[in-house]
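Take a look at the complex below. The walk-through starts with one annotated segment and widens from there.

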Amino acid sequence: MTPRHRSLLPAGLTHANLTRRISDLVLHRPSPPGWWIALVICSLLTLMLLVTMSVLFSHGVGIFGLNIPVAWGLPIVNTIWWIGIAHAGTLISAVLLLTRQPWRASINRFAEAMAMFAIVCAGMYPLLHLGRPELFYYLLPYPDTMDLWPQWRSPLVWDFFAITMYLLFTALFLYMSLLPDLATLRDRATRRVGQYGYAILALGWRGSATHWARYEKATLILAALATPIVVTVTGIISLDLSVSIVPGYHFTIFPPYFVAGALFSGFSTVALLAVLLRSLFGLRDLVTDTHLDYLGRMMLFFGLIVAYAYTQEMFTAWYSGEDYYRHVYVDRWTGPYAPAWWSMIVCNVVLVQLLWFRRVRRHGPAMLCLALTSNLGMWLERFQIVFTSTHADYQPANWDVNWPTVWDWAAYLGSLGLFGLLLLLFVRLMPLISMHDMRALIARQREERDDG
Amino acid sequence: MAPLFRRRANSLAVVILVGILALLMAISVFAYVVYRSPYQTDVGYAPAQPVPFSHQHHVGGLGLDCRYCHSGAETSDVAGLPPTLTCMTCHSQEWLNAEMLSPVRQSLANRTPLRWTRVHDLPDYTYFSHRAHVNNGVGCESCHGRVDRMPMTFQAKPLTMQWCLDCHRNPSPHLRPPEKITAMGYSPRRDGIAGERLIKRYRIHPDTLLECATCHR
């Protein structure tokens, strides 16, 4: 282990005081005032989402700004955006585990939780977006009296399976990695409710060598399974667009382009949560500036891939020689949605260049701002892909614009509230830093010191 | 520290896990059975009618042809219900004072049609043409069952999409020659001409039977 890695851990951190600090956060320390304020705001936004859903179910999708050239509006934009955010959680928990990166230890827990709740938000929209949401189960291959299977050639069916599998997988991975920590909480809880609650969730974990051996093996298997998920889920969602022949959707570059965009927004969100949570719960010595530095590098790397994809997309449109493909681009730069395109370029291409500087990457507030602009930029990217491609395609007679209505925005902001609410509850009920991963890191560092 | 749970809890955990699985399977099986049961499909549905008309008596007993009353079957999408005058071809001579038939006589006197209750009710998003079926070898019995044995008319078949597709996917075993369309108790498989020959004679192209727009227009 190089000295650089050692800076991930504060001096004098032992198994005992780390475990006490993290478990006390859950079991004994009262919630900080910032937590309560955030909880109230997020609950109100969630309430707004529930109201929107009730209005949607009673009035139908007409309350959204959908119309016929632009039949996919904000709900699809939000789905792609949320599922993208989820991806960094999976990458951190799986790929960084397999590649044995020590800096994942203190951020993997809330990254996984973020992934879990982002998928919940992502999975909600396709169902809300259905004209008859109560019939969503038609996507399942079940023995129905219509004797019909889902249309296996439709990417919407692939999408359904991809999101469902991703949700199940992420829940499993999150729960697996929580098991040893739940047992710790069970042993340290002083109240009956906590003891029994955590005991039931811990599934009888006693921390025996057999348990740990099995745990390690299961985690590795799950991580190996998860690695392809990182590329396939958003890849499949991008096929919803690129399998169609709509100019602006129909690009072979879409799957890798969407995956890079997903990881870009995902790492931005992890950085955002890292900055917020560490200052909220006083964990600056565990989630260090070095962690932010690594996250910043990841953001920069995937941001550059996204910028490259933009150039390739434009090149493909020009090189295709097709009037309609070229027009989509001219329309993106000058048409009714041009502000979205240029803001996206500022957020995703221009501002990201600040991450070349080490001082920016290690500066909490700067990272917070860049995380926000990157997420905004990625949202705008999905917005302009979904909207500009369909609003003016092959039939000029059908051209029309779609402006999101107040309900579109309520559904979007509401999902932010739902995400925040779930995350806030999670960090109060579960340890927001993986105690067993941190203990392993401390042990490795100590071995290193003894050897050297 | 005393253990939180007693030994029993281990078995309880297993029971709960197995119970959840069993419950899910039970719900699936229950849903499967209910969705195919007469409760859902209305097989056997025999609503009360203004006149207790017996197909058993008129078809099985007297041997009336279906088309005598349902005259639109060959020429129209709907087979149609007979006007009261059709009833009166016989009932102006027969059973003149029968109490059972008083709604028919009133209908004639007041010139208001009888209001029968529909037995075979397809969803509004399906398009079914009697003409297309009757002129292409599908017998009345195939969808309506043995009406010659129905004292009160009831729904004999489930009318689910699966049931429609059973025949649309493989029509030949169900086809009859033109003279047997209205015959009751005729088995296309056993009694008649081979389906492969009929499918050629009627010039049926099975592929077109499976287009969505064949039934959903």
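An unreviewed UniProt entry places a transmembrane region at residues 12-35 of chain B. In this predicted model, that span is 100% helix and 0% strand. Its end C-alpha atoms lie 34 Å apart.

Now widen the view to the domains. Chain B is divided into two parts: domain 1 covers 8-41, and domain 2 covers 55-81 + 121-215. How far apart are the centres of domain 1 and domain 2 of chain B? Taken over C-alpha atoms, the separation is 39 Å.

The secondary structure of chain B is quickly told. There are twelve helices and zero strands. Read along the sequence, the pattern is α-α-α-α-α-α-α-α-α-α-α-α.

Next comes the overall form. A compact globule of 217 residues would have a radius of gyration near 17 Å, but chain B has 25 Å. Along the principal axes, the C-alpha atoms of chain B fill a box of roughly 100 × 50 × 35 Å. Of the 217 residues in chain B, 13% are buried.

How confident is the predictor about chain B? The average pLDDT is 91, and 100% of the residues score at least 70. Helix H10 (residues 188-191) of chain B has the lowest confidence, at a mean of 82. Helix H7 (residues 130-134) of chain B has the highest, at 95. For the complex, the predictor gives an ipTM of 0.72 and a pTM of 0.87.

Turn to where the two chains meet. The contact takes seven residues from chain A and nine residues from chain B. By class, the side of chain A that touches chain B has four nonpolar, two polar and one charged residues.

Tyr394(A) sits in the loop between helix H14 (364-391) and helix H15 (406-429) of chain A. Is Tyr394(A) buried or exposed? Tyr394(A) is exposed, because 11 other C-beta atoms lie within 10 Å, and a residue with 12 or fewer counts as exposed.

Technical notes:
Residues are numbered from 1 along each chain as its sequence is written. Chains are lettered from A and ligands numbered from 1 in the order in which they are written. This is a predicted model: local features need pLDDT of at least 70, side-chain atom pairs count only at pLDDT 80 or more; totals for chains, interfaces and linings use all residues. UniProt positions are given in the numbering used here, feature names are shortened, and annotations may be inferred rather than shown by experiment. Helices (H or I, at least four residues) and strands (E, at least two) are DSSP runs, numbered from the N terminus. Two residues are in contact if their C-beta atoms, placed from the backbone, lie within 7 Å. Ala, Val, Leu, Ile, Met, Phe, Trp, Tyr, Cys and Pro count as nonpolar, Asp, Glu, Lys and Arg as charged, and the others, Gly among them, as polar. Domain bounds come from an automatic or database domain assignment. pLDDT is the predictor's confidence in each residue, from 0 to 100. The radius of gyration is taken over C-alpha atoms; the globule rule is 2.2 Å times the number of residues to the power 0.38. A residue is buried if 20 or more other C-beta atoms lie within 10 Å of its own, exposed if 12 or fewer, and partly exposed in between; C-beta atoms are placed from the backbone.
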